[in-house]
Amino acid sequence: DKMIESEEKSKQEKIEQRQRQKEIQRQQERERKERQRQKERERKERQRQEKRERKERLKRQNIDSQNDNYDNHNDYIDRQQQQKQNDGIDIFWTIIIVTVLSIIFLIWFMQWTLSSICCCCGDDDDCDD
């Protein structure tokens, strides 16, 4: 009788041990799956973060590019205005020089004409005719 009890007890212990082993395996499997899910969540979060950072970088680059374009446009306008001012100054000095030369030529021409007229009329003693 004791032998049967002993065998039954042994069987029962084996069954319990198998059950404990199975439970341990299930627990380990759950933990492994949870670690995998956690790693996947972390990976996805890293990807989202990298995507946000890339988007921010592109946005900053776009803003910088727009600022550069704006600065270049302003520089272009400044150069155009400076060129117009320079052109205005050039025109002013050209008009002054042409006016002065015209006056000098007009004075010389009037002197030559008057001296020619005087020579023809005989009023001038300095005529070389």
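**Reading surface patches, shape and salt bridges**

Q: Which residues gather in a patch of positive charge on the surface?

A: Lys51, Arg54, Lys55, Arg57 and Arg60 form this positively charged surface patch. Patch members have over 30% relative accessible area and no salt bridge, with like charges joined within 9 Å and nonpolar side chains (Val, Leu, Ile, Met, Phe, Trp, Tyr) within 5 Å. The model is predicted: local features need pLDDT of at least 70 and side-chain atom pairs pLDDT 80 or more, whereas totals for chains, interfaces and linings use all residues. Numbering runs from 1 along each chain as its sequence is written, and side-chain values use heavy atoms, without hydrogens or water.

Q: Is Lys55 buried or exposed?

A: Buried means under 20% relative accessible area, exposed over 50%, and partly exposed in between (1.4 Å probe, protein chains only). Lys55 counts as exposed because its relative accessibility is 60%. Of the 129 residues of the protein, 0% count as buried.

Q: How many helices and strands does the protein have?

A: Helices (H or I, at least four residues) and strands (E, at least two) are DSSP runs numbered from the N terminus. The protein has one helix and zero strands. Its radius of gyration is 54 Å, well over the 14 Å that the globule rule gives for 129 residues, so the protein is more spread out than a compact globule. That radius is taken over C-alpha atoms, and the rule is 2.2 Å times the number of residues to the power 0.38. The C-alpha trace spans about 180 × 20 × 10 Å along its principal axes. Ile15 and Gln49, 34 residues apart in sequence, lie 50 Å apart in space, C-alpha to C-alpha.

Q: Which residues make the nonpolar surface patch?

A: Ile89, Phe92, Trp93, Ile96, Ile97, Val100, Leu101 and Ile104 make this patch of about 780 Å², the area coming from the Shrake-Rupley method with a 1.4 Å probe; for residues, only the protein chains shown count as cover. Phe92 lies in helix α1 (residues 2-121) and is partly exposed at 47% relative accessibility.

Q: What partner does Glu29 have in a salt bridge?

A: A salt bridge is a side-chain nitrogen of Lys or Arg within 4 Å of a carboxyl oxygen of Asp or Glu. Glu29 pairs with Arg32, with the closest N and O atoms 2.3 Å apart. Because they are three residues apart in helix α1, about one helical turn separates Glu29 and Arg32. Glu34 forms a salt bridge with Arg41 at 3.1 Å.

Terms used: Lys, Arg positive; Asp, Glu negative; His and termini not counted. Charge placed at Lys NZ, Arg CZ, Asp CG, Glu CD.
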